[in-house]
Amino acid sequence: MSEERAGETIICRCRDVTEEEIVEAIHQGYDTMELVKRKTKVGTGTCGGRTCLPLVQRILAREKGVNLTEIDLPRERAPIVPLPIRYVAGEEGRSSR
Ligand code: FES
């Protein structure tokens, strides 16, 4: 860790985005999950935001002074390749096939 990074809290390990960068974006007016994601690239790494997006949701709620349930998660994008509907519906492993 470099001197400049000491004391910073990494929220998105895939994109190396800190809590300070997220808070700064929110204070600049990027005050929804979608806008924070577009501004900072948080949640666009290889894990697809599984780890960081819930943390960003909490930071947004805290900074806006609202309940966590009032912060919507970003929209999911469609898969690049066609998938059987059972993968999307969560039915994989439940059928007898
Ligand atoms: S930790 Fe943010 S996209 Fe993986």
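Two residues are taken to be in contact if their C-beta atoms, placed from the backbone, lie within 7 Å. Helices (H or I, at least four residues) and strands (E, at least two) are DSSP runs, numbered from the N terminus. The model is a predicted one, so local features need pLDDT of at least 70 and side-chain atom pairs count only at pLDDT 80 or more, while totals for chains, interfaces and linings use all residues. Residues are numbered from 1 along each chain as its sequence is written.

On these terms, the protein has four helices and two strands, and they come in the order β-β-α-α-α-α along the sequence. Of its 97 residues, 20% count as buried (20 or more other C-beta atoms within 10 Å of a residue's own; 12 or fewer makes it exposed, and anything in between partly exposed, with C-beta atoms placed from the backbone). Among contacts with a separation of 6 or more, 45% join residues 24 or more positions apart.

Next comes the core. A nonpolar core is a set of buried Ala, Val, Leu, Ile, Met, Phe, Trp, Tyr and Cys residues joined through C-beta atoms within 7 Å. The largest one here holds 14 residues, of which Ile11, Ile22, Val36, Val42, Cys52, Val56 and Leu60 touch the most other members. At least two core residues come from each of β1 (10–12), α1 (19–27), α2 (33–40) and α3 (52–64). The largest share, five residues, is supplied by α3. Leaving aside residues up to four places away in sequence, Cys52 touches Ile11, Cys12, Val42 and Gly43. In soluble globular proteins, nonpolar side chains tend to be buried together.

As for α3 itself, the helix has 13 residues and runs 18 Å from its first C-alpha to its last, close to the 18 Å expected at 1.5 Å a residue (the expected span is 1.5 Å times one less than the number of residues). Its buried residues are Cys52, Leu53, Val56, Ile59 and Leu60. Viewed down the axis of α3, these fall within an arc of 115 degrees, so they line one face of the helix; the arc is that of the directions from the helix axis to the C-beta atoms. An α-helix has 3.6 residues a turn, so residues three or four places apart point the same way. The buried residues of α3 pack against β1, α1 and α2. After α3 comes Gly65, with a positive phi near 70 degrees.

In α2, the buried residues are Met33, Val36, Lys37 and Thr40. They take up an arc of only 100 degrees around the axis, which puts them on the same side of α2. Their packing partners are β2, α1 and α3.

Most residues other than glycine have a negative phi, and most peptide bonds are trans. Asp16 is not a glycine either, yet its phi is positive, at about 55 degrees. Asp16 lies in the loop between β1 and β2 (17–18) and, with 13 C-beta neighbours inside 10 Å, counts as partly exposed.

Arg75 belongs to the loop between α3 and α4 (85–89). With 9 C-beta neighbours inside 10 Å, Arg75 counts as exposed. Arg75 and Met33 are 42 residues apart in sequence, but 9.1 Å apart in space, C-alpha to C-alpha.
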